[in-house]
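Q: I have a structure open here and would like to go through how its parts pack together. Could you take me through it?

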Amino acid sequence: MSSLNNVLYFQAGLGVLANIFLLSFYTFIILVHKSKLMDLISCQLTFIHIVLVLTGGDIGLMDVFESLSIENNLKCKTTFYINRMMRALSICITCLLSLFQAVTISPNSSVLAKFKLKLKKYITYAFFYIWSLNLSFSSNLIFYVGAFTNLSETKQIKVTKSCSIFPMNDIIRALILTVTTSRDVFLVGVMLTTSTYMVIILFRHQRQCKHLHSLSHPRASPEKRATQTILLLVIFFVVMYWMDFIISSTAALLWMYHPVILTLQKFVMNAYPTITPLVQISSDNRIINMLANLRSKCQQVFRKV
């Protein structure tokens, strides 16, 4: 069990560091340079992932609350609420990012092309509605989570070393599960549809480029690299998200959590926020060029020394 916890801590540390680096980069681009709408969406998603990792278990904000001597019941409600809200925001913003990409690269003859000129306006409205809905919807969880009381007759589910979920009415539990499942199925469906659409467009563009460029070119084309990145992120997101959802739903229906299963769920839940910034960093030419320039300058400094 201790080895699993060590892996979880390493994963959380890697995820936080990678996302902080990416958040700093996007913040610099937005404040100093002319930013794109894609940067605004990615910056928001990166911030969400930082908070998501920090609130995903017996780490992060739990330790901060412990040092501040905040009441266990309050810190449990706060941490659980923030984590669940960020989890919902992660899938919503990822879906928005996928939809935005599909509209951006769509040809002028397509149905989506008419939305290109109004993207900035639509994105602003989308941010407002996404945050508002998730802030309000996640608030119902505050009433069903609190400090672990160590009383077996309450039939509580222990989700961290000091927090647990209390029993709820079967109708309320079924309602929450139905609404959450419907939301997730819809958003994942939109992501898969838009990603498939983007892959088709990129492959068509790649076939057209073959008539203009030599087929013996050793390097992969930008379109092929973009297609591989989209497929990787979408497939990984869908697999990790539904693994987490299956574990959470099973535990909610059976009203039982094994410590090993709980640790595995935390690992699965933090996998996407950890891998996403690494993929974004490795595929963004601006970051690659910046790191290359920084490396060359460091080498020059060391040579002078």
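Q: What's the handedness of the crossing of α2 and α4?
A: In this predicted model, the crossing of α2 and α4 is left-handed.

Q: And at what angle do they pack, and how far apart are the axes?
A: Helix α2, which covers residues 37-54, packs with α4 at an angle of about 155°, and their axes are 9 Å apart. That angle makes α2 roughly antiparallel to α4, because angles over 145 degrees are counted that way.

Q: Which residues make the contact?
A: On the α2 side, the contact is made by Leu37, Met38, Ile41, Ser42, Gln44, Leu45, Ile48, His49, Val51 and Leu52. On the α4 side, the residues are Ile82, Asn83, Met86, Arg87, Leu89, Ser90, Ile93, Thr94, Leu97, Phe100 and Gln101.

Q: How does that contact split by class?
A: The contact of α2 with α4 has 13 nonpolar residues, seven polar ones and one charged.

Q: OK, now α4 and α5: how do those two pack?
A: Helix α4 (residues 72-105) and helix α5 (residues 119-137) pack at an angle of about 160°, with 10 Å between their axes, and that makes α4 roughly antiparallel to α5. Here α4 passes α5 in a right-handed crossing, whereas the crossing of α2 and α4 is left-handed.

Q: Who meets whom there?
A: From α4, the residues are Tyr81, Met85, Met86, Ala88, Leu89, Cys92, Ile93, Leu96, Phe100, Val103 and Thr104, and they meet Leu119, Ile123, Ala126, Phe127, Ile130, Trp131, Asn134 and Leu135 in α5. By class, the contact of α4 with α5 divides into 17 nonpolar residues, two polar ones and no charged ones.

Q: Switching topic, how many aromatic pairs are there?
A: A search of the whole structure finds six aromatic pairs. One of them joins Phe237 and Tyr272, whose ring centres are 4.5 Å apart and whose planes stand at 75°, so this pair is edge-to-face.

Q: Where do Phe237 and Tyr272 sit in the chain?
A: Phe237 lies in helix α7 (residues 222-254) and Tyr272 in helix α8 (residues 259-283), so the pair ties together parts that are 35 residues apart in sequence.

Q: Are those two buried or exposed?
A: Phe237 counts as buried at 2% relative accessibility, and Tyr272 also counts as buried, at 6%, because the cut-off for buried is under 20%.

Q: Which residues do the ring pairs link into a cluster?
A: Ring pairs link Phe237, Tyr241, Trp242 and Tyr272 into a cluster.

Q: I'm also curious about Thr274; where is its place?
A: Thr274 is in helix α8, and this residue is buried, with a relative accessible area of 4%.

Q: What does Thr274 touch, leaving aside its sequence neighbours?
A: Once neighbours within four places in sequence are left aside, Thr274 is in contact with Gln11, Leu14 and Gly15. The C-alpha atoms of Thr274 and Ala18 are separated by 7.3 Å, although the two residues are 256 residues apart along the chain.

Q: Last one, zooming out: what's the secondary structure of the chain?
A: The chain comes to nine helices and three strands, and read along the sequence they follow the pattern α-α-α-α-α-β-β-β-α-α-α-α. Of its 305 residues, 43% count as buried. Among contacts in the chain with a separation of 6 or more, residues 24 or more positions apart account for 74%.

Notes:
Residues are numbered from 1 along each chain as its sequence is written. This is a predicted model: local features need pLDDT of at least 70, side-chain atom pairs count only at pLDDT 80 or more; totals for chains, interfaces and linings use all residues. Side-chain values use heavy atoms; hydrogens and water are left out. Axes are lines fitted to C-alpha atoms, for helices over the stretch in contact, and angles run from 0 to 180 degrees between N-to-C directions. Helices (H or I, at least four residues) and strands (E, at least two) are DSSP runs, numbered from the N terminus. Angles under 35 degrees count as roughly parallel, over 145 as roughly antiparallel, 65 to 115 as roughly perpendicular and the rest as oblique. A crossing is left-handed if the near helix is turned anticlockwise from the far one by less than a right angle, and right-handed if clockwise. Contact means heavy atoms within 4.5 Å. Ala, Val, Leu, Ile, Met, Phe, Trp, Tyr, Cys and Pro count as nonpolar, Asp, Glu, Lys and Arg as charged, and the others, Gly among them, as polar. Rings of Phe, Tyr and Trp (its six-membered ring) pair if their centres lie within 6.5 Å; planes under 30 degrees apart count as stacked, over 60 as edge-to-face and the rest as tilted. Buried means under 20% relative accessible area, exposed over 50%, partly exposed in between (1.4 Å probe, protein chains only).
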